[in-house]
Structure formats: C-alpha cells, structure tokens
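This briefing covers selected local features of one protein model.

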Amino acid sequence: STPADELTSYERFKRTVDSPYFESFFGAVIVVSAIIMAFEMQHRGLESGYMVRYDNYGQGTDSLWPGADEAFKISENVLGVFFTIELILKLIVQCKAFGKDIWNWIDVLIVGSWLVTAIAQQDVGFNPTLLRLVRLMRLLRLLKLLGMISIFDSLYLMTTAIKGSAMVLMWAILVLTVVQMLLACLLQSMVEDYVRSNPGSAEAKNVFKYFGSFARSMLSMFELTLGNWIVPARALVENVSEWYMLFFLMHKFFIGFSVVSVITGVFIQETFKVATSDDQIMLNNKMRMMREHERKMKALFAHADGDGNGNLDQEEFIEVMNNESVKKWLSSMGLDVEDASKLFNLVNNGAESVDAHQLVVGAGKLKGSARSIDLIIFMNEARQMHAQVVHTLENMEARIAMASTPQDSSNAGNGIKNWFAPC
C-alpha cells in the first residue's frame, strides 16, 4: 500500500470515509438515535395511557415531560443533518459504486423522507417512525467491520456464532415444533369431552383457555417447555384429573430437561466450532497472544534491567533467569529455562547484551515444543548440507586420483566415502 505521507488529500479523505472507524462512528450515532427514539416512544405511550384513562396515568405528557416534544424535534433534526452529511460523503467517495450497495439506497430513502418532512413540511404518506426503525437495521452492516477492531472481539464472536448456528436453530425449531404439535393434539383430544360435557362452567372455561383448540394447546405446550409450566399444568390437574400430573412431570423431564439441554449443548458446540474455524477470530486470537507475550517479556526485561540502561548483559540475564519464581513463570508460558547462559546466546544474536525487542522476538521463537515446520526446515538444511559434503568428497576424490596411482586413489576415495556415508 502507498505510504500515508505520499497520499493526496482526496486519497486520505477516501481512506477515512472507507475506514471501519467512519462506519463505527455513524453506528454510534445510530445507537444514540435508537435511545432517543425509545424515550420518544415512552413519551407517546404515556400520552396514550392518559387518553384511554388507564390506571395511574392521570396526567398528560405536557405536565410529566414538559418540553419533550420540542427536544425530540431538535434531536431529530440534528441526527438528520448527521446522516445527510454521511450520505453526501459516501456519494463523493464511492461515485458509481454507490448505487451497488442496497444499504446506500436505504440511507437515501431515510434521508429523503427526513428532508421532505423536516424541511419541505410535507407528509410522506406513512409513519416516519418505521423508517427510523429501518435505520437501526443499518447496524447489521457493521458486523463485517467488528473483527477489524480489537475492542469488538467478543461481540464479533457472538454475532459470528449466531450466524453459524442458523442451521442448528432451524433443525431445533423443526424438532420442537413437531413434538409439540403431537402433544398439543393429544391433550386437546383428551380434554375435549370434558369441555363439551360441562358447558358454561368456570372449570371448563379454564381448561378451554389453555387446551380448547389447537392454537391454544400449541401455545400452552411451548409455555410448558420454555416458560411457566405450572399454570397450564394446574388447569388440568385441578379441574380434570390429578393423573395429568404424571404427564406433565414426564414432559418436563424428557422435553424440558433432556431435549432442551441437548439443543443448548449443540448451540454451545457450534459456538466453539466457529471460534476455532473462523479466520478473523483466529487472527484476532493470534494477535492478542502476541500482544500479551510482548507485554510479559517487557515486564520481565524491566525487572531484570537493574541498572536501567535499556540492555541486559549476560550477568543480569543469568541472575534473573536463575530465580525459581521467574523459571516457573516462564515455564507456565511454554519457555523452559534449563541453562540460562545458552538461552542468552540464543536470543542475543551474537551481541554482548540483549535489548527488549531481542528478548521479545527470541523468547517468542523458543516458546513451546518443536513444530512440524521447524522439523521440516531442519531436515531440508540437513539434506542440503549432506549434498554439499558429498559434492566436496567427489572433488577430493578427483584431486586424489590426479595425484596418486589408480589403485591408491580408488582405495582413498572408498575410504572417504565410507567415513562420511549417511546412516
């Protein structure tokens, strides 16, 4: 990429608008807009409660929240200006590519409706709150940017796991729906005679409330599985027969505990699978481990640098490495220190002292056990060295043959080959 100091003003401007931080800023503006909209909906709800004379809603919003209407109008205009500026900046930067993104057209619709209602004072023909709700959907476009900013690692993991669990969710819904449909039909057919044989009674109405139709039975079955299962269970136990207690207990044991727990376990397994297979998550984890390793090695360097000159000589290095607490601390990070002097020679690159950067890089290379790539590199170097030795022996044989008799050179060459023959 082009260095930052060689970019033109327009290229810097374009890079800024296309950066994840630009999107994140306006994402934060959208969140603020959502909070303001929540207060506005609460304000409208209070007014609706006052108009229908609902209990404890004896005052209108003019006395409860004085000046709220004007504050909401001002905030809407300020937010509208923000989103208009964003739209103009994107249009300048993206040019022809602007029309290829569906989210940009949603922005055009939202900003256009605000301009019509706020500036032209015209009615757009529908409730503008719906468009403001659509604006919140723009937060979904930030999901692809979350992995690029380290503070959003956990949020990116959650959203990626949710996206990766979509197929598991579909099958879970299918299994639960089929099972609950069968049980709903069974219970409705079992209580139907009771309901019809007791017309008008309060008990029959209570039973019908939960299991009188397929729709009611289906809702009650999901309530039994995922909600407050006591209320619909009591409706049959108290009014029809106590034997229904066994049915509801078995349902709770097998469906409420077993099936739901298995589904939860599958979701957890899917989350771990996503965490270990997603490229962005693996990259973030690796970068986090590197930052943590660098922080710990610099802390070790600061502890060992007794004279504070920014370098560790061999004496300082060996002194701190022979400390048992330091040895255990390094061992917990995968760096076993058996011989401090040899370790110093491995990390100092032939110098008489070690600085913080050398310690970070050198310790990072020595951590853990040997990897497959390390062994392959070592084997390739050994093969190359063996080939060089063989080539040198052949040259030596040729020179010996020129200076000796044929019999002597043959014996000498065979002897050298035997000495250096590979195992």
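In this predicted model, R53 counts as exposed because its relative accessibility is 60%, and the cut-off for that class is over 50%. The points below begin with the loop that holds R53, then turn to helix α4 and to the packing of α15 with α14 and with α17.

**Loop between α2 and α3**

- R53 lies in the loop that runs between α2 (20-51) and α3 (61-64).
- Although R53 is not a glycine, its phi is positive, at about 60°.
- N56 is found in the loop between α2 and α3 as well, and its phi, near 65°, is a positive value in a residue other than glycine.
- With a relative accessibility of 83%, N56 counts as exposed.

**Helix α4**

- Helix α4 spans residues 68-94, a run of 27 residues.
- From its first C-alpha to its last, α4 reaches 38 Å, which is close to the 39 Å expected at 1.5 Å a residue.
- The buried residues of α4 are A68, F72, S75, E76, L79, G80, F83, T84, E86, L87, K90 and V93.
- C95 follows α4 and has a positive phi, near 50°.

**Packing of α14 with α15**

- Helix α14 (residues 279-304) packs with helix α15 (residues 314-321) at an angle of about 110°, and the two axes are 10 Å apart.
- This angle makes α14 roughly perpendicular to α15, since angles of 65 to 115 degrees fall in that class.
- The crossing of α14 and α15 is right-handed.
- On the α14 side the contact is made by L300, H303 and A304, and on the α15 side by E316, V320 and M321.
- By class, the residues of this contact comprise 4 nonpolar, 1 polar and 1 charged.

**Packing of α15 with α17**

- α15 also packs with helix α17 (residues 340-347), here at an angle of about 125° and with the axes 9 Å apart.
- α15 and α17 are therefore oblique to each other.
- The crossing of α15 and α17 is right-handed.
- α15 contributes Q314, F317, I318 and M321 to this contact, while α17 contributes A340, S341, L343, F344 and V347.
- The residues of the contact of α15 with α17 divide into 7 nonpolar and 2 polar, with no charged residue.
- M321 of α15 takes part in the contact with α14 and in the contact with α17.

Key. Residues are numbered from 1 along each chain as its sequence is written. This is a predicted model: local features need pLDDT of at least 70, side-chain atom pairs count only at pLDDT 80 or more; totals for chains, interfaces and linings use all residues. Side-chain values use heavy atoms; hydrogens and water are left out. Helices (H or I, at least four residues) and strands (E, at least two) are DSSP runs, numbered from the N terminus. The expected span of a helix is 1.5 Å times one less than its number of residues. Buried means under 20% relative accessible area, exposed over 50%, partly exposed in between (1.4 Å probe, protein chains only). Axes are lines fitted to C-alpha atoms, for helices over the stretch in contact, and angles run from 0 to 180 degrees between N-to-C directions. Angles under 35 degrees count as roughly parallel, over 145 as roughly antiparallel, 65 to 115 as roughly perpendicular and the rest as oblique. A crossing is left-handed if the near helix is turned anticlockwise from the far one by less than a right angle, and right-handed if clockwise. Contact means heavy atoms within 4.5 Å. Ala, Val, Leu, Ile, Met, Phe, Trp, Tyr, Cys and Pro count as nonpolar, Asp, Glu, Lys and Arg as charged, and the others, Gly among them, as polar.
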